[in-house]
Structures are given as C-alpha cells and as structure tokens.
Amino acid sequence: MATFKTYTGVCFTGSAFPLHPSNVATNKTIRNSSWKPTQATVKSTFHLPMRSYEMKNRTCTEDIKCLRLITAIKTPYLPDGRFDLESYDALVNMQIENGVEGVIVGGTTGEGQLMNWEEHIMLIAHTVNCFGGNIKVIGNTGSNSTREAIHATEQGFAVGMHGALHINPYYGKTSLEGMVAHFQSVLSMGPTIIYNVPSRTGQDIPPHVIQNLAQSSCLAGVKECMGNDRVKEYTDNRIAVWSGNDDECHDARWGYGATGVISVASNLIPGLMRELMFRGKNPTLNSKLLPLIDWLFHMPNPIGLNTALAQLGVVRPVFRLPFVPLPLEKRIEFANLVKEIGRQHFVGTEDVQVLDDDDFFLVSRY
C-alpha cells in the first residue's frame, strides 16, 4: 500500500475584507412608539453596488463570448497546505505566453471546493491584480446555496474579475423553476458562464432553462459537458458554448460550432491546445493528444493533473486531501506520454520525473 507524508497543522489567515461599521453590532437602543411588527413580503433581487459602474462594466459580456481557449487553472500548494502563489504565478504566466485567453480561478480543477470563501476571493483578486491586463479572469463563485453564490459573486466582481462561472445547485437539488430562480439571482451582476456537468451535480440543466436565461444580456454562454449534440443545439440558437470535455473539444469547435473549450489539459500543453482551437481542423494532432487526455481523466479530475504537474516540477507534490496522487504505474505511464508527445510541448523546464510515493505530501488540515 502506498505511503505518503501527511501534514495536519492548522493555518490561519487574516481577513482581506474587514467588517464594515454597519455590520458591527452596537449597544444603541432604537425607540419608536409607532413601530409595528413586520409582515412577510416578497422583494425583487437587490444587490448593493460593490464597485463603480465604470469598473463593473470594463468587461462586457461580448468580450467573454469570444474567448476560444480558457484554462481551468490548477491551484498549487506549499507543504503546509497554503497557496503556493509563486508556482501559481509561474503557471498562469505560462498560459499567457502560450496564447491562452482566459482562466477559471477556483473551479473544480483549481479545487475551489477545498477552499474557504476568504481564500477563494483572495485568489481571484490576486489573479486580477497580477494578470488581469493580459488574460480574462473568470471566478468560480457558484454554490448550491443561492445566498453564498450571491455573496461570493458580489465579492468577485468587487475585486475585479471579468466574469463569473456558476453551477446549478448540487446535492440538495432543486426544481427546474428553482434552478432558474437561482441563476437569475446572480446573472445581473456581470458576465456569466453557466456550467452544466451532471456527472458532478447529479442534475442536467436542460436547454430550455438556458434559453430562458439567455434573455439576460449578462449570459455569456454555457460550459457544456453533455456532448456535442447538446453543443450544436445551443450554437443553432446562437448561444455561445464551450466544450467542457477535452476529448471532444476539437470536434465541438470545428464540427459543431462551439466557441472553444474550457480545458484541463491546457494546464499541461497550452500551446498545443491553442493550436487545436485556433488553426482549423487537425485530426492528426487531436488523435495524438487523446492518450494524454484519457490518462488525465483516468481518476476524477484534478487527481491526474495534480500528479502530472508535480512530475513536471511545475508545482510541489502537495495534495490537499481527499485528493491523493495517481499510483506508481500511472506515473510511469505519464512519463512515457511526455516523451512521446515531446517534453518541449509541456509547461516547465525540468525533466519529467516518476517520483516515489514518499515524495508526496498529503495535507489534511489547511
């Protein structure tokens, strides 16, 4: 049985968002003789302005709709489980240098589900501040709680993200009417991509729901994981759609009208993924990359990606539990894939390593 180093230290981080005086309880007593008990009312969605009108609208929905290659960026860690921002910045720079047009921050691949909201918004803000002039920053601020999705999206746009990624409520699934209401609660805040991945949420977002939401000028489009027939259904109705499946993205782009791909593989091979999305049909290149893509998704994402980036020396071999590295035989397989495709096409400069089990750190408290 594989043995890995574990780290159980607790890390505390200070808040980047101090409490506003209006949020702090006071000892004042309000006296009003005409006070009457409130009655239940239904109010339309209301959002406090989180930043100036000019800042909020510096990226319009059309700017997001035209992006062809978006990387669902990996979040690297230090051995104690904190973010490794130096490695993160290097990885984002590699994406920019290879022609990637946007990044999803804190998505499934970036392990947003293993972050608290403070970490999540901090990473979005950091990415905007360091790279926002060179790449579109799309923050995953979705949640199965509408209240949390609203708050996180307000915070994300407040710190300057260009767009939001939203998933339908998972685990505690709702009705289709509730799904529409959930998305409508966040759509008005800024450019939004809706993410349909029933294998993770347990519930499909049917096309008629998207067509309903497309009446909003803030809907940039859909990240769709239900196959290319669904992609075509959207493109036939002039709804922008990105393939959420690396193994289908070539055909989605050139055969079914997809705008592009939101990619996991582009963390590793951004230049080749750009070629796949920008330079016309290339079945030869697509076939060459399929074994790597199959390897990446042998286990649930991002296990394969985390293992691969560690083997390439781009990130430290640190995993936040419950994720653990791929077994030795799969690591050997990856090293062989790198040699077959060509090390020069992968991010980083170090030779690919297989790594031993005890080279990995598993962090259980972070």
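Strands β8 (residues 241–243) and β9 pair in the parallel sense over two bridges, where pairing requires that DSSP finds at least two bridges between the strands. Helices (H or I, at least four residues) and strands (E, at least two) are DSSP runs, numbered from the N terminus. This is a predicted model, in which local features need pLDDT of at least 70 and side-chain atom pairs count only at pLDDT 80 or more, while totals for chains, interfaces and linings use all residues. Residues are numbered from 1 along each chain as its sequence is written, and side-chain values use heavy atoms, with hydrogens and water left out.

**Strand β9 and its partners**
- Trp242 has Gly260 of β9 as its bridge partner.
- Strand β2 (residues 69–72) also pairs with β9 (residues 260–263) in the parallel sense, over three bridges; here Leu69 is partnered by Val261.
- A right-handed β-α-β unit is formed by β8, helix α10 (residues 249–255) and β9; right-handed means that, with the strands pointing away from the viewer, the path from the first strand over the helix to the second runs clockwise.

**Helix α4**
- Helix α4 (residues 117–131) has 15 residues.
- Its buried residues (under 20% relative accessible area, 1.4 Å probe, protein chains only) include His120, Ile124 and Phe131.
- The buried residues of α4 pack against α3 (85–97), β3 (102–105), β4 (136–140), α5 (146–158) and β10 (318–320).

**Whole chain**
- The chain contains 14 helices and 11 strands.
- Of its 366 residues, 52% are buried.
- Among contacts (heavy atoms within 4.5 Å) with a separation of 6 or more, 73% join residues 24 or more positions apart.

Terms used
Buried means under 20% relative accessible area, exposed over 50%, partly exposed in between (1.4 Å probe, protein chains only). The expected span of a helix is 1.5 Å times one less than its number of residues.
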